[in-house]
Amino acid sequence: MIRIKCCGMTRVEDAVRAAELGADAIGLIFTARSRRRVDVDQARAIARALPPMVTTVALFMDEDPAFVDEVIAAVQPALLQFHGAERDDWCAQFGRPYLKAIAMGEGADAVPRLRAYPGAAGLVLDGHGLGEAGGSGRAFDWSLMPRDLGQPLILAGGLHPGNVAEAIRVARPWGVDVSSGIESAPGIKDPGRLAAFIAAARAADGHVQGV
Ligand SMILES: O=C(O)c1ccccc1N[C@@H]1O[C@H](COP(=O)(O)O)[C@@H](O)[C@H]1O
């Protein structure tokens with residue numbers, strides 16, 4: 001079954017609604033380069049409001065390790081996500097499972113970088129370019145998604161309720177990750193778009209699996 005991560009949550013009510021609608025993971029963004037940034041207190045309130053068995057993901061971009069440790073201590077995220085130029089050994093230093101985002105904006109030239117993170121619990125293939133922040137709302141060529149990498153691959157970048165079914169059909173990802181495509185404004189999730197996104201992803205996954 002496909003896993004769904006809804007990222008860039010800034011409000012308790014949006015995160016709880018996403019979980020109730022069937023999201024598997026909630027992303028909390030800590031980089032100053034995001035319009036969806038939360039502080040530690042906001043993040044802790046959101047994480048504590050979530051029902052059990054919903055994964056909290058803390059997202060960083062080229063951050064000071066001391067700050068990552070501070071967030072881990074306060075928020076207790078089950079997963080870390082690194083969205084910058086971090087190397088695999090750097091990501092591993094926190095002793096926590098992590099996702100590594102790969103900037104797929106350069107198309108096929110980006111594919112070799114997918115092999116540089118053997119320690120990652122999964123890879124997030126996002127549509128932004130190298131050096132840019134994520135949450136760009138830009139998609140990449142989904143046919144570049146490898147099938148033989150041996151790591152869970154999570155498709156991100158420009159997904160929304162109207163294209164997630166086609167994205168799943170073409171890319172066959174292990175999971176999908178969405179931020180701007182379910183919003184009415186940066187950091188404010190729209191209940192209708194959120195519900196439509198999760199329903200479309202689940203239905204498409206059922207077709208791909210032949211259910
Ligand atoms: O969403 C952000 O603001 C953000 C900023 C900096 C790094 C990562 C960010 N978000 C991640 O990017 C993907 C794709 O976003 P979108 O759906 O294209 O808007 C998102 O799922 C987050 O993992």
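**A walk through the predicted model**

Arginine 172 is partly exposed, since 15 other C-beta atoms lie within 10 Å. The model is predicted. Arginine 172 sits in the loop between α5 (164-171) and β8. Its backbone deserves a look. Most residues other than glycine have a negative phi. Arginine 172, which is not a glycine, has a positive phi near 50°.

Glutamine 76 is another such case. Its phi is positive, about 55°, and it is not a glycine. The residue belongs to the loop between α3 (65-75) and β4 (79-82).

Turn now to lysine 189. This residue is in strand β10 (residues 188-189). Lysine 189 has 26 other C-beta atoms within 10 Å, so it is buried; the cut-off for that label is 20 or more. Which residues does lysine 189 touch, not counting those up to four places away in sequence? They are Met9, Asp14, Ala18, Ile182, Glu183 and Leu194. Glutamine 151 is another matter. It is 38 residues from lysine 189 along the chain, and the two C-alpha atoms are separated by 29 Å.

Two of those contacts lead on to a helix pair. Ala18 is in α1 and Leu194 is in α6, and both take part in the contact of these helices. Two packed helices are described by the angle between their axes and the distance between the axes. For α1 (residues 12-21) and α6 (residues 191-209), the angle is about 30° and the axes are 10 Å apart. Angles under 35 degrees count as roughly parallel, and α1 and α6 are therefore roughly parallel to each other. Their crossing is right-handed. From α1, the contact takes in Arg17, Ala18 and Leu21. From α6 come Pro191, Leu194, Ala195 and Ile198. By class, the residues of this contact are six nonpolar, no polar and one charged.

How many residues are around the ligand, and which come nearest? There are 28, and Ser34, Gly134, Gly135, Ser179 and Ser180 come nearest. The shell around the ligand divides into nine nonpolar, 14 polar and five charged residues.

Key. Residues are numbered from 1 along each chain as its sequence is written. This is a predicted model: local features need pLDDT of at least 70, side-chain atom pairs count only at pLDDT 80 or more; totals for chains, interfaces and linings use all residues. Axes are lines fitted to C-alpha atoms, for helices over the stretch in contact, and angles run from 0 to 180 degrees between N-to-C directions. Helices (H or I, at least four residues) and strands (E, at least two) are DSSP runs, numbered from the N terminus. Angles under 35 degrees count as roughly parallel, over 145 as roughly antiparallel, 65 to 115 as roughly perpendicular and the rest as oblique. A crossing is left-handed if the near helix is turned anticlockwise from the far one by less than a right angle, and right-handed if clockwise. Two residues are in contact if their C-beta atoms, placed from the backbone, lie within 7 Å. Ala, Val, Leu, Ile, Met, Phe, Trp, Tyr, Cys and Pro count as nonpolar, Asp, Glu, Lys and Arg as charged, and the others, Gly among them, as polar. A residue is near a molecule or strand if its C-beta atom, placed from the backbone, lies within 6 Å of it. A residue is buried if 20 or more other C-beta atoms lie within 10 Å of its own, exposed if 12 or fewer, and partly exposed in between; C-beta atoms are placed from the backbone.
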